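Open the model in your viewer and keep the selection tool at hand. The stops below go from the whole chain down to single residues.

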Amino acid sequence: MKLEDAIVLVTGANRGIGRAFARAALARGARKVYAGVRDPSRVDIAGVQPLRLDVTSDADVAAAAAACGDVSIVVNNAGIATFGGVMVDGSLQSARAQMEVNYFGLLRMSQAFAPVLARNGGGALVNVLSVASWINRPTLGVYGSTKSAAWGLTNSLRHELRAHGTQVLGAHFGFVDTDLTRGIDAPKSTPDAIAGRVLDALEAGAEEVLADDITQQVKRGLSADPGVYMKA
C-alpha cells in the first residue's frame, strides 16, 4: 500500500498523533486526506478536507462512509484515555466510555469502511493500538484493557478482510509527547516520529509495527517466564 496518490481518512485528526498522520500522508503524496473530527472547525491543517466524524455515532460513521467512497486507507486513530486502575471508584463508567471509543468506535469504523475499501481494490486499515495492549499497570489499567480488546479486534479483522485484499496494520507504541502524556515523567516519542514509522510499515506491507524501543522490548518479553506482563 503506497501513500502516493492515495485517498486517506484519519480519525481524531485535529491534534497529537492523528494530526501527525494527516500531515505525513500529505507529505508522502496522498491525493486527498479527510480529517475526521467531532468539530471540523478545529482542523487547522492546510490541504486536508475536514469531516465531521464522531466514531461513537452510528449516524456520523454511516454518513462518512457514504461521503468518502473514494477512500483507500483508513487510519483508526481516534481514542481516549483516562488514568486509573480497574478497582478505583468510577472505573466501570470509565471502562464503558473508553470502550465506546477505543473498541466499539474502531469496530464501527471498520465495518462501515471495509466495503468501501473492497470496492476500491482492498486498501488498508491502520489501527492505532498501544504497548498497553500487552502490558498494563494501574496508572492506565482501564485504558490498557480497552487496547487489549482493540488488539484482539485487529487480529480478527486481519483474517476476515484478507479475502477483500485489505491490509490490516496494528500499530503499537508507548508514550508519545501529546496533551494526554503532559504530566507523565517518562521517555516519549514525538507524534511525527511515530506517524513516520507506522506509515513506513504500511508502505512495506507489514501487518504489525512496533514503533518504538519500549514496545519492541515488551513484545520480546511476552514469551519470557514469567511473562513481562506478570511483573510488578
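This is a predicted model: local features need pLDDT of at least 70, side-chain atom pairs count only at pLDDT 80 or more; totals for chains, interfaces and linings use all residues.

**Whole chain**

Show the protein chain as a cartoon, where six helices and seven strands can be picked out. Followed from the N terminus, the elements run β-α-β-β-α-β-α-β-α-β-α-β-α. The C-alpha atoms fill a box of roughly 45 × 35 × 30 Å along the principal axes. For 232 residues, a compact globule would have a radius of gyration near 17 Å, and the chain agrees with this at 17 Å. Buried residues account for 50% of the 232. Among contacts with a separation of 6 or more, 68% join residues 24 or more positions apart.

**The cores**

Next select V8, F21, I73 and V198. Within the largest nonpolar core, which has 35 residues, these have the most contacts. The elements that give two or more residues to this core are β1 (7–11), α1 (16–27), β2 (32–37), β4 (73–76), β5 (124–128), β6 (167–172) and α5 (191–203). A second, separate core has 27 residues, including A64, V101, F113 and L117. In soluble globular proteins, nonpolar side chains tend to be buried together.

Now centre on V8 alone. Beyond its neighbours within four places in sequence, V8 is in contact with L3, A25, A30, K32, V33, Y34, I73 and V75.

**Helix α2**

Select residues 58–67, which form helix α2. Which residues of this helix are buried? They are V61, A64 and A65. These three lie on the same side of α2, because they cover an arc of only 95° around the axis. Turn to the other side of α2 to find A59, A66 and A67 exposed. Then show β3 (49–52) and α3 (91–119), which are among what covers the buried residues of α2.

**S94 in helix α3**

Move along to S94, which is placed in helix α3. Is S94 buried or exposed? S94 counts as buried, because its relative accessibility is 15% and the cut-off for buried is under 20%. Its side chain makes a polar contact of 2.7 Å with the side chain of Q98. Leaving aside neighbours within four places in sequence, S94 is in contact with T82 and V142.

**Aromatic pairs**

How many aromatic pairs are there? The count comes to two. For one of them, select Y103 and F104: the ring centres are 5.1 Å apart and the planes stand at 90°, so this pair is edge-to-face. F104 is partly exposed, at 36% relative accessibility.

W134 and W151 also form an edge-to-face pair, with 5.7 Å from centre to centre and 85° between the planes. W134 sits in the loop between β5 and α4 (141–161), whereas W151 is in helix α4, so the pair ties together parts 17 residues apart in sequence. W134 is buried, with a relative accessible area of 7%, while W151 is partly exposed at 27%.

**Last stop: M1**

Finish at M1, in the segment before β1. At 30% relative accessibility, M1 counts as partly exposed. Which residues does M1 touch, not counting those up to four places away in sequence? They are S72, I73, G123, A124, Q167, L202 and E203. Draw a distance line from M1 to A30: the two are 29 residues apart in sequence and 12 Å apart in space, C-alpha to C-alpha.

Conventions. Residues are numbered from 1 along each chain as its sequence is written. Side-chain values use heavy atoms; hydrogens and water are left out. Buried means under 20% relative accessible area, exposed over 50%, partly exposed in between (1.4 Å probe, protein chains only). Helices (H or I, at least four residues) and strands (E, at least two) are DSSP runs, numbered from the N terminus. The arc is that of the directions from the helix axis to the C-beta atoms. Contact means heavy atoms within 4.5 Å. A nonpolar core is a set of buried Ala, Val, Leu, Ile, Met, Phe, Trp, Tyr and Cys residues joined through side-chain atoms within 4.5 Å. A polar contact is a pair of N or O atoms within 3.5 Å; within protein, one must be able to donate a hydrogen and the other to accept it, and residues adjacent in sequence count only if both atoms are side-chain atoms. Rings of Phe, Tyr and Trp (its six-membered ring) pair if their centres lie within 6.5 Å; planes under 30 degrees apart count as stacked, over 60 as edge-to-face and the rest as tilted. The radius of gyration is taken over C-alpha atoms; the globule rule is 2.2 Å times the number of residues to the power 0.38.
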